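The following paragraphs are meant to be read alongside the sequence and the model.

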Amino acid sequence: MVSSQLLYLSRIVTRKSHSLASALVTKSQESIHNAHQAFDEITELNVVTGTAVIGRFVKQNRYVEANHAFKRLLYLGIRPNEFTFGTVIGSSTSSRDVKLGKQLHSFALKMGLASNVFVGSAVLNCYVKLSTLMDARRSFDDTRDPNVVSITNLISGYLKKHEFEEALSLFRAMPERSVVTWNAVIGGFSQTGRNEEAVRTFVDMLREGVVVPNESTFPCTLTAVSNIASHGCGKSIHACAIKFLGQQYNVFVWNSLISFYSKCGNMEDSLLAFNKLCEQERNIVSWNSMIWGYAHNGRGEEAIAMFEKMIKDTDLKPNSVTLLGVLFACNHTGLIHEGYSYFNKAVNDYDNPNLLQPEHYACMVDMLSRSGQFEEAEKLIKCLPLDPGIGFWKALLGGCKIHSNKRLVELAASKILEMEPRDVSSYVMLSNAYSAVEKWKNVSEVRRKMKESGLKRISGYSWIDVRGQSCVFVNADKNNKQKDEVYRMLSLITQHLIEEDF
């Protein structure tokens, strides 16, 4: 019986494979036919008209036809020029075919066109996105008189690979910098977690006074300010946006403002920015920013109300970020029943198979274990349809620590160490969880493993802005210059709380 089922299954797979191969061959033949037909319709075919045909295919995202058109051009004996190469290399980049890009680069070298700035920029862009920075730099050095676009592309590549010194060296050596270049540097710093440098670069741009920031500058800068939660600095940047753009921002600027104010705990101004954004322009990011803002600030019911308003008043469908925001809001405000309801609705009602990700299951386990519902949490673990990832087991471990569940501590601990044997935070969580269930031998074992592996706990720290200066406080800090004043104030606050019976 089993063997006959396997035979039947293999026949289906074979039939499907033949069908798929046949469809691919048919599609390839259609692409060749389309490319040939496009050339046949041109009465005076030359390098200019041929390049125009290739460019049209690229603009329509028909990259296979663009490549066939290029081959047809060569077959007809028409010599490609720098614009032909620039266009077809751009096609290989868009289709993420680095092998083809390298072949075209070699062909351009053979024809003596690789040093042309138009070809060089296309090759550089291909290597920055699909190959190594070494290849990109070699292409850049071979380009005669590289322009602002080429330099900006290479700077972006260096920033993405965290090679900041190389990026800044190129940036400072530029004879002229366009707003696109400034935006690339600001965005590069922001996306790689160097938020202070991103803000400083924005300030440098204003001080230089040559380039005026545009609508792409402010989202990058506001994202950086959001990440360091500098409310005063962000308001100054908002004022700059009003100065340079008026009140007619695009949706990206508004979304950045919504996110910035909510991350700084100022939900009133966040809501004000949301309301100023036209209803027709609000996208899923706008709504997600509000939902997450309320969730992060402990206002779970308002987060749910915002979600329900989105469902009722718009045609937008919730995505995985929306759902995670709603579950997070329910989790951190004790709305367990509501959280379970939204999770079940996502499982059964929504038509999106990619809606539920490991993060959603981790959030549900965290919600159930924090509230002591370990039986429900175990049921969820047993029916997981996917690999939950380390966040899931850390969430379970956190709940076990709160409620001293010894049995599940062992399960979660074994999974965490198996998945991330070099993650410091995992060891710290394990040590704390074992302490909570009074397994002192295990605490010692975890600390011994950390020491043997050369892992050190990173001290937590916080910061506040006072008169434009950031003051950083490390956990149990004894080296801060103002430590005496800090501990004196802490003592006064503690005494006041005791007197008020808190």
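**From the chain to its rings**

Of the 502 residues of the protein chain, 43% count as buried, where buried means under 20% relative accessible area, exposed over 50% and partly exposed in between, with a 1.4 Å probe and protein chains only. This is a predicted model, in which local features need pLDDT of at least 70, side-chain atom pairs count only at pLDDT 80 or more, and totals for chains, interfaces and linings use all residues. Residues are numbered from 1 along each chain as its sequence is written, and side-chain values use heavy atoms, with hydrogens and water left out.

The protein chain holds 26 helices and two strands; these are DSSP runs numbered from the N terminus, helices being H or I with at least four residues and strands E with at least two. Of the contacts in the protein chain with a separation of 6 or more, 61% come from residues 24 or more positions apart, a contact being heavy atoms within 4.5 Å.

Helix α3 (residues 63-75) packs with helix α4 (residues 82-94) at an angle of about 145°, their axes 9 Å apart; axes are lines fitted to C-alpha atoms, for helices over the stretch in contact, and angles run from 0 to 180 degrees between N-to-C directions. On the α3 side the contact is made by Tyr-63, Ala-66, Asn-67, Phe-70 and Leu-73, and on the α4 side by Thr-84, Phe-85, Val-88, Ser-91 and Ser-94.

Phe-70 and Phe-85 also belong, with Phe-107, to a cluster linked by ring pairs. Rings of Phe, Tyr and Trp (its six-membered ring) pair if their centres lie within 6.5 Å; planes under 30 degrees apart count as stacked, over 60 as edge-to-face and the rest as tilted. By this rule there are 13 aromatic pairs. Phe-164 and Phe-189 are stacked, at 5.8 Å centre to centre with 20° between the planes. Because Phe-164 lies in helix α9 (residues 164-173) and Phe-189 in helix α10 (residues 179-191), the pair ties together parts 25 residues apart in sequence. Phe-164 is buried, with a relative accessible area of 10%, and Phe-189 is buried at 2%.

Phe-307 and Tyr-342 have ring centres 5.4 Å apart and planes at 90°, so this pair is edge-to-face. Phe-307 lies in helix α17 (residues 300-313) and Tyr-342 in helix α19 (residues 336-348), so parts 35 residues apart in sequence are tied together. Both Phe-307 and Tyr-342 are buried.
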